[in-house]
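Dear colleague,

Please find the structure below, handed over for your use.

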Amino acid sequence: MKKAVIFDRDGTLIVDKVYLNDPEQIKFLPETFEGLKILKDMGFVFFVATNQSGIPRGLVQIENLHEIHRRMNAELSEHGLKIEKFYYAPYMTDSNHPMRKPNPGMLLAAAEEYGIDLSQSWMLGDKDVDVLAGQAA
């Protein structure tokens with residue numbers, strides 16, 4: 001089984017632009033590439049689990065979300081890095097959908113789909129919902 005680091009996206013890997021819809025506005029946080037290289041050398045694989053309530057609000061277009069993720073991986077690949085899969089929860093904040101953090105659905109899906117040992121893995125984020133999702137998983 002693999003060990004993974006599952007990241008929140010906005011405010012953790014990239015600057016939080018609040019409902020990022022423009023792929024041109026992606027900006028990685030300082031030292032992201034260096035930190036990921038260290039984790040990769042330790043044998044971790046990477047995933048993203050991101051709540052995206054901007055989609056049902058009409059503020060984020062699904063095609064732009066996919067392009068943002070494609071561009072993130074393109075830039076990461078320039079540093080020998082890769083997000084295995086971007087999981088996203090396109091649900092409103094009050095939905096309590098099992099895939100929306102703080103629920104662990106996205107983390108459990110990654111574990112099942114990719115054979116991740118959650119006891120050897122980490123969830124990293126900038127909000128309480130990220131910590132709670134990691135603990136629940």
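Two strands are taken to pair if DSSP finds at least two bridges between them. Please note that the model is predicted.

On that basis, strand 2 and strand 3 (residues 83-89) run parallel and are joined by six bridges. Within this pairing, Asn51 has Ala89 in strand 3 as its bridge partner. Between the two strands the chain passes through helix 2, and this β-α-β crossover is right-handed.

Strand 2 also pairs with strand 1 (residues 3-7), again in the parallel sense, over five bridges. Here Ile6 has Phe47 of strand 2 as its bridge partner. The chain goes from strand 1 to strand 2 by way of helix 1 (residues 32-41), in a β-α-β crossover that is right-handed.

As to accessibility, strand 2 is mostly covered, with seven of its eight residues buried. Why does Leu59 count as partly exposed? Its relative accessibility is 42%, and the partly exposed class lies between the limit for buried, under 20%, and that for exposed, over 50%; Leu59 therefore belongs to the partly exposed class.

Leu59 is also part of a nonpolar patch on the surface, which it forms with Val18 and Tyr19. Together, these three residues have about 270 Å² of accessible area.

With kind regards

Notes. Residues are numbered from 1 along each chain as its sequence is written. This is a predicted model: local features need pLDDT of at least 70, side-chain atom pairs count only at pLDDT 80 or more; totals for chains, interfaces and linings use all residues. Side-chain values use heavy atoms; hydrogens and water are left out. Patches are made of residues with over 30% relative accessible area and no salt bridge: like charges are joined within 9 Å, nonpolar side chains (Val, Leu, Ile, Met, Phe, Trp, Tyr) within 5 Å. Accessible areas come from the Shrake-Rupley method with a 1.4 Å probe; for residues, only the protein chains shown count as cover. A salt bridge is a side-chain nitrogen of Lys or Arg within 4 Å of a carboxyl oxygen of Asp or Glu. Buried means under 20% relative accessible area, exposed over 50%, partly exposed in between (1.4 Å probe, protein chains only). Helices (H or I, at least four residues) and strands (E, at least two) are DSSP runs, numbered from the N terminus. A crossover is right-handed if, with the strands pointing away from the viewer, the path from the first strand over the helix to the second runs clockwise.
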